[in-house]
Amino acid sequence: MTRETLFNSAALAALALVPLWAHFSGEPFTVTLATRAVILALAAVGLHIALGLGGLVSLGHAVFFGIGGYAMGILAHHAQTYTPLMEWPFVIEGTKSMPVIWLVAVVLSSVVAYFIGLLSLRTSGVYFIMITLAFGQMFFFFAISWSAYGGEDGLSIYVRNGFPGVNTLVPIQFYALCFVILAAVMFFAARLQRSPFGLALNAARQVPDRVETVGLNPMRLRLVAFVLSGAITGLAGALFADLNRFVSPTMFSWQMSGELIIFIILGGLGRLYGPVVGAVVFVALEHILGDLSDYWHIYLGVLLLGVVLFARGGIIGMLLGREVAHD
Amino acid sequence: MTEAILATQGISKSFGALKASDDVSIDLMAGEIHAIIGPNGAGKSTLIKQICGGLKPDTGTVKLLGEDVTDLPTELRARAGLGRTFQISALAMEDTVLQNAVLGALGGQGNPWRFFKPVLKDQDLLDTAMEALERVGLQDHAKTRTAELSHGQRRQLEVAVALTLKPKAFVMDEPMAGLGTEGSKRLTEFLGDLRHQAPILLVEHDMDAVFALADRISVLVYGKVIATGTVEEIRANKDVRDAYLGDEA
């Protein structure tokens, strides 16, 4: 076992065990905090596929996070008010079932990611960052003015949605659900990284000219990566809204997109565990430093500066050194 | 008359007032090495881009195996059988040598839309990749990170990646660039054999290599082909000597 796999297994084990310990020592708040970390990690793992593997610096991933959030909010809102979502040409009812909500979140985020990708992938570099940011702002302001669903105030859901066989109202059970999803997505992401698609995508990031001259289309590879990426972040959005039983335009904000990038840079760009470590550290800092001062972002800023200046591989890179080529 | 494997027919390309390609007609017949030489700025790179894709000629057509490929994007020309090597190695430096070769094999196979099975467990791809690496003598470096290869080895890998595509025609942009005498000699020998697998359109500055290898040479000056012929004809051509070869011939 290499140091890297050892570290990764330890990180995963800690994620599984710490909340369990918190649960049994009667600290439900820590469980909730861990749930927040795991869900944000999931969102950032989504971004990792576009950013880490595809080299696509998307400053608009909050779009998918928000779509997932609103998919949950709108469906649950209609279910709790017993009003149909739409009546013509056919009736669509709201739902309190997580699997259905997740499916809707994933499908909607994928479709939106496809169209955003189609337009924004024509550009690269700074222009790509700007155009994804612009899409993010469009969705943000749309949500703010969407008075049918709370506008600026957002939507509150009274009771957390249900999942068959799990009592989602118990923090540790909801945590377990989120953890299993994160683990499953990471398993698939790890496979993806080593798959033919992963190889081609990785090469398209490094040498697009080469990829073209062996007969593959870098643009299409990136588009598919962007869609997969958006779908995962969308799923995380649905979970995040369910955790808070609340969804608001904040989920669409560019600060949200920025935080996802920060997770990745903090944890380690290019590594699957980077976004996970980054999100966990971020949430922990937010909690600890948040207790010290309302202006805790100052400390976060200093930390980020340190990481970018002195540890280019993020926290994992600092601990384990540069990544070796996978075999 | 047999048909050319690869041909440009009267292609022209201007950038503003600059004529980078001026009515260029070049063909590549089966089994031959056709070298393109010319001074810096003669339009060799522009020509290659128009042949391989990425730059569309203002007028004229590019034909591969008799098919008009002028409007095809780069990746479809590659699929149609064009194998290209770059003047400056375009390799995935973070990846291993094997991964670079497998990428070529994957392109040749044409289906990157597989998301689950590890690519390095695909025996077909591995076989194609290893065969190409063996042919250029890099089989012992398969697991090496490409960034750690010497310049010469990168040039070899560049050729190996093109080999994995099993192309119908090669277009090589200065494959000898930066190689030492020994490296050039080995690659020259290798290309001499390779022409029997698929003909090679060779853009090269190394005149020893060109004179040793080329069946035909075309001389490009200011975007125009001023002469095409065998090595002897080109050496003897007065225009060519004035424009380019000088005393070298």
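Predicted model: local features only at pLDDT ≥ 70, side-chain atom pairs only at ≥ 80, totals over all residues.
View 1. Two residues are in contact if their C-beta atoms, placed from the backbone, lie within 7 Å. Take the contacts in chain A between residues at least 6 apart in sequence: 75% of them join residues at least 24 apart. Counting up the secondary structure of chain A gives 13 helices and two strands. The radius of gyration of chain A is 20 Å, close to the 20 Å that the globule rule gives for 327 residues, so chain A is as compact as a globular protein of that length. If you follow the C-alpha trace of chain A along its principal axes, it spans about 55 × 50 × 40 Å. As for what's tucked inside, 52% of the 327 residues in chain A are buried.

**View 2. Where chain A meets chain B.** Here 23 residues of chain A are in contact with 33 residues of chain B. On the chain A side, the elements that give two or more residues are α6 (171-194), α7 (196-206) and α8 (208-213). The largest share of that side comes from α7(A), with seven residues. Sort the chain A side by residue type and you get eleven nonpolar, six polar and six charged.

**View 3. An open sheet in chain B.** Six strands line up in the order β6-β7-β8-β3-β9-β10 (chain B), and their pairing is mixed. At the edges stand β6 (82-85) and β10 (224-229) of chain B, each with a single partner strand, so one side of each is left without a neighbour in the sheet. On average, and ignoring direction, neighbouring strands of this sheet are turned by 15° against each other.

View 4. Nine residues from domain 1 of chain B and nine residues from domain 2 of chain B take part in the contact. On the domain 1 side of chain B, the residues that touch domain 2 divide into five nonpolar, three polar and one charged.

Note on methods:
Residues numbered from 1 in each chain as written. Chains lettered and ligands numbered in written order. Helix = DSSP H or I, 4+ residues; strand = E, 2+ residues; numbered from the N terminus. Nonpolar A, V, L, I, M, F, W, Y, C, P; charged D, E, K, R; others polar. Rg over C-alpha atoms; globule rule 2.2 N^0.38 Å. Buried ≥ 20, exposed ≤ 12 C-beta atoms within 10 Å, placed from the backbone. Pairing = 2+ DSSP bridges. Axes fitted to C-alpha atoms, helices over the stretch in contact; angles between N-to-C directions.
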